[in-house]
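Please walk me through this structure in plain terms. I have not seen it before.

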Amino acid sequence: MKKLNYSLLLALGIWTLSSCGSNTKNDKTTTEQAVVTEDTAANREAAATAIGTIEFAEPVHEFGQIKEGAEVTHIFTLTNTGNAPLIISEVRASCGCTQPEFSKNPVLPGKTSDIKVTFKSEGQVGKQQKIITIHSNASNGLTTVQLKGEVLAAK
């Protein structure tokens, strides 16, 4: 019986000693967790508002008059004026006679990228307006640029 009493007394002593400093430790852990949670929420909110924006210095290029069969190549330069990387997913022309080329690398905020467009005028006599549509993750996700001019009949 004495052994049982000593064992209970020893267990009660160990329990008392181990629980003494635990409130301070738990309070500190809770405070640290709250700070981490707030930082994470702030980071998520900042990431949600971060978005790229496309701006073109020249959204319309007038190529003037050319003879049928000639090719016109123009480079449209875009700038990411947003605050997050810009990713162009697709560039499509309104006509098979117009071929766009673009980089799939992300455009960082403040940086530029080029979209090279080639218009083949064979069979395209008369006034021309070719629209090139840019699909991206930007705030203005669907953006267009244009090639305009006139193709004169070959003689």
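**A walk through the model**

The model is predicted: local features need pLDDT of at least 70, side-chain atom pairs count only at pLDDT 80 or more, and totals for chains, interfaces and linings use all residues. Residues are numbered from 1 along each chain as its sequence is written, and side-chain values use heavy atoms, with hydrogens and water left out.

Start with the sheet. Four strands form an open sheet in the order β2-β8-β7-β4, with mixed pairing. Strands here are DSSP runs of E with at least two residues, numbered from the N terminus, and two of them pair if DSSP finds at least two bridges between them. β2 and β4 are the edge strands, each pairing on one side only. From one strand to the next the twist averages 20°, where axes are lines fitted to C-alpha atoms and angles run from 0 to 180 degrees between N-to-C directions. Seven bridges join β2 and β8 in the parallel sense. His 61, for example, has Leu 147 in β8 as its bridge partner.

Next comes the interior. In soluble globular proteins, nonpolar side chains tend to be buried together. The largest nonpolar core in this model has 22 residues. Such a core is a set of buried Ala, Val, Leu, Ile, Met, Phe, Trp, Tyr and Cys residues joined through side-chain atoms within 4.5 Å; buried means under 20% relative accessible area, exposed over 50%, and partly exposed in between, with a 1.4 Å probe and protein chains only. Ile 54, Phe 56, Leu 78, Ile 115, Phe 119 and Ile 134 have the most contacts inside the core. Strands that each supply at least two core residues include β1 (54-56), β3 (71-80) and β6 (112-120). Leaving aside residues up to four places away in sequence, Phe 56 touches Phe 76, Thr 77, Leu 78, Ile 115, Ile 134, Thr 143 and Val 145, contact meaning heavy atoms within 4.5 Å.

Gln 128 lies in strand β7 and is buried, with a relative accessible area of 9%. Its side chain reaches the backbone oxygen of Gln 124 at 2.7 Å.

Last, the charged groups. One salt bridge is found in the whole structure; the term means a side-chain nitrogen of Lys or Arg within 4 Å of a carboxyl oxygen of Asp or Glu. Arg 92 forms this bridge with Glu 90, and their closest N and O atoms are 2.4 Å apart. Arg 92 is partly exposed at 48% relative accessibility, and Glu 90 is partly exposed at 28%.

Key: Polar contact = N/O pair within 3.5 Å; in protein donor to acceptor, adjacent residues only side chain to side chain.
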